[in-house]
Number of protein chains: 2
Amino acid sequence: MGAATFAGHGSGPARQDASSPSDGPEAVEILERTRMSVDPELRRAVQSLPSSMRRVARYHFGWERADGAPAAGNAGKAIRPALVLAAVEALGGRESAAVRAAAAVELVHNFTLLHDDVMDRDATRRHRPTAWTVFGVPDAILAGDALQALALRLLAEDPHPASAAASARLASCVVELCAGQHTDTAMEERRPEDVTLPEVLAMAEAKTGALLGCACALGALYAGAGEEEVEALDAFGREAGLAFQLIDDVIGIWGDPSRTGKPAGADLIARKKSLPVVAALASGTPEAHELAALYGEPYEEGELERTALVVERAGGRDWAQVQAADRMARAMHELSRAVPDPEAAGGLLALAEFVTRRSS
Amino acid sequence: MGAATFAGHGSGPARQDASSPSDGPEAVEILERTRMSVDPELRRAVQSLPSSMRRVARYHFGWERADGAPAAGNAGKAIRPALVLAAVEALGGRESAAVRAAAAVELVHNFTLLHDDVMDRDATRRHRPTAWTVFGVPDAILAGDALQALALRLLAEDPHPASAAASARLASCVVELCAGQHTDTAMEERRPEDVTLPEVLAMAEAKTGALLGCACALGALYAGAGEEEVEALDAFGREAGLAFQLIDDVIGIWGDPSRTGKPAGADLIARKKSLPVVAALASGTPEAHELAALYGEPYEEGELERTALVVERAGGRDWAQVQAADRMARAMHELSRAVPDPEAAGGLLALAEFVTRRSS
C-alpha cells in the first residue's frame, strides 16, 4: 500500500520537501520553537515539586548538575511536544492553547525514561549518568511517579474544553507504555531465536509508537477535531513512531557514539533484541545461526565489529531501513486522511521525516 | 485546643458512640458497604489493563494467587474509599455519584503500596508475599505506574462536574505522597538519634495524612462543597491520618502478628524510625540512650522483647497514644467546622474512631 506511493512516485506529501537537505531545517526550527514555548511551562511544573523530587527532575532534564549547580541543559529534542503543537496547527487550532498539553506529554515521556532506566539498569542517558545512578533507585522511582502525577495535574487544571478527553487519552497511553516496557523486559529473559518479529514490532509500537500517536491525538483534540481525525492522527504518530524506533535501533548499532550519547554498539553488547537483530535472527541465513550463537553467550571483548557485520549481512540493517520507509509511507497515508492539504500538514511531515532521517 | 474537648468533656461528636464497643460496628458496616459499591468499579478498572499488568494488580489486590487461580481476596480495609463516600454524604451529596472517585483514591493507595514495597524491600503485605517478590521489581514498578494512570483516567472519564478539580487534587496528593516516601527512605540512612520528632511527624503527614485528607476533600468536592469546607475536610482527614499512623506504628511494635499480617516486631528488627521509636529516642531518659545503642547495631536474635520494653519505658508508647488522641481531637474540630451537625458527620466520625481504635 503506502510503501509504493512513498518509494516509487516521488510525489505527494512525503516528497514535498524532497529538495531540502536531509537534516530537515524546517523540523529543526519547529523543535527550537517548541522548546521556546514549552520549556517555561515544563520548568514551572517541575518548580512546583517539593525540593526532594525537584532536584532529581531538574538533574534528569539536564537543567542542573548532580550538585545542584545550573547546567547548560540538554533536555532532549522535544519531538513529542512538537508533534502536539504541529498537530494542533495542522487541524486549524491555536498552538498557544495546547502548550500545557505539550508539556504534559513531555512529562510523561520523562517519567517513563526515569523508570525504564531503573528497570533496564541503564547507566547513561543524554551523555550523562542516569538519575538512579546519581540519586539511587528509590528517588528515581519517586521522581518518575511525581512527573506522571504532574503531567495529569497540568491537564486537569487546564480549562481548555478538550482537557478531560486529553487526560483520559494520556492516561490510557501510560498503561500502554507500561505494557510495552513489560514486554521489553520479559523479552530480555527469553532466548534470542524464540523472539518473533511481530512480537518485537508490537512491543515497539506500545513502547514508542503509542506516545507519539498520543501526542498527535492530543493536538487534534485541542484543535477540536472529530473522532475520525483524532484516530487518524494517532495512527500517523504510531507509524512515524515505529519508523523512529527502527532508525533508533539502527543508530544503536551503527551510530556514532559521540552523537548518540551511548557507548558504541551498546545494544549489541547488552544483547538487546532490537528490531534489526530480531530481523537478522529470523532471516534464515547462515549469519542468523552465527548471530544466535553469539547472542547465546555473554559479550566478549573485541567481538563488537563482527556482531554488527553479522546483523548487517543477515539483512537486519536493510530490513529495518525498508520497514522504516514503509511505516513512514503508512504514516503519510493516515495523515492525508485527516489533513488533505499538504501545506497544513507541513509541520507534522517535517517532524516525521526528521525523526526518521536523523543520524543521532 | 481540641485535645481538651476530646479527652476531657466526653461529649460532642467525638463521644457520640462512646457506648458502642471499641471495634466500631458502624464503621465495620460502612466499610463493608463501601467494598460492595467500590469493588466492582475497581475490578472493572483493573480488568481494562493489558494482561501483563492486570496479573500483577489482581495478585496485589488479593483477587488472584500468583499462578492466576482465583483467591478469596483481602484487598485491604477500604478506609480511603469509605472516607470519600462518607464525606460526600456528610456534605449532603449522593454517595453513588462518587464511586469512581472512591475507586480512584484506592487505586492511588495501591500504586503507592506496590512502589513502597519495592523501595523498602518489604517482603510481606496483607499476610502474603509482596508483588515484587513474586513478579520481580520491573513488573511491580510497572503495575504501580499503571494503577496511577488508571486512577487519573477514571476521574478524567467521569462526567461529574467536580472530576477535574478532584483529578488535580489527587495528582497533587500523589506528589506529596512521593515526597513523604522520599523523606522516609532518606531517614533510614540517618543515625536514629539525629531524626527529630517534627521531621518524623511531617513525614507521616505527607505519607499517610495526605491521602486520607485527599479522600475526604474529594468527597466534599463531589458533594459540591465550597472551598472552605473542602479544606476543612482535607484537614480532618490529615489529622485522622496522623492518628491512624501513630496507632499503626504502635501496632507495628506491640501488635499481634496473626492480626497485623507482619512478623512480630518487624519494625524494630528493621530498625525503623517509627513514631514511638523517635519519641523514645527524643525522651532524654536513660532508656533513650539504651535504645540509641541498640538501634546503632544490627538486630541480634532475641533482643526483640528488650527493645520493645525500652521504647515503652522511654515513654514512646504513651506518647504515641496521647498524640493520636490529640490528633483525633483536632480532626473532630476541623470536621465540626465543615459539618456542624453530628448526625451528618456520623459516618466520618465512626471511620476516624475505627482507624485509631483498631487492633490490627
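**Fold and pairing of chains A and B**

In this predicted model, chain A holds 17 helices and two strands. Helices (H or I, at least four residues) and strands (E, at least two) are DSSP runs, numbered from the N terminus. The C-alpha trace of chain A spans about 60 × 55 × 35 Å along its principal axes.

Residues are numbered from 1 along each chain as its sequence is written, chains are lettered from A and ligands numbered from 1 in the order in which they are written, and side-chain values use heavy atoms, with hydrogens and water left out. Local features need pLDDT of at least 70, side-chain atom pairs count only at pLDDT 80 or more, and totals for chains, interfaces and linings use all residues.

Chain B and chain A each give 32 residues to the contact, meaning heavy atoms within 4.5 Å. Together they bury about 2,700 Å², with 74% of it on carbon and sulfur atoms. Buried area is the accessible area (1.4 Å probe) that two parts lose on being put together, summed over both.

Between chain B and chain A there are zero salt bridges. A salt bridge needs a side-chain nitrogen of Lys or Arg within 4 Å of a carboxyl oxygen of Asp or Glu. The chains do share 10 residue pairs in polar contact, both residues at pLDDT 80 or more. A polar contact is a pair of N or O atoms within 3.5 Å; within protein, one must be able to donate a hydrogen and the other to accept it, and residues adjacent in sequence count only if both atoms are side-chain atoms. On the side of chain B that touches chain A, α3 (51-60), α5 (99-120), α7 (137-156) and α8 (163-188) give two or more residues each. The largest share, 12 residues, comes from α8(B).

Over all chains, the whole structure has 48 salt bridges. One of them joins the side chains of Arg44(B) and Glu41(B) at 3.1 Å, N to O.
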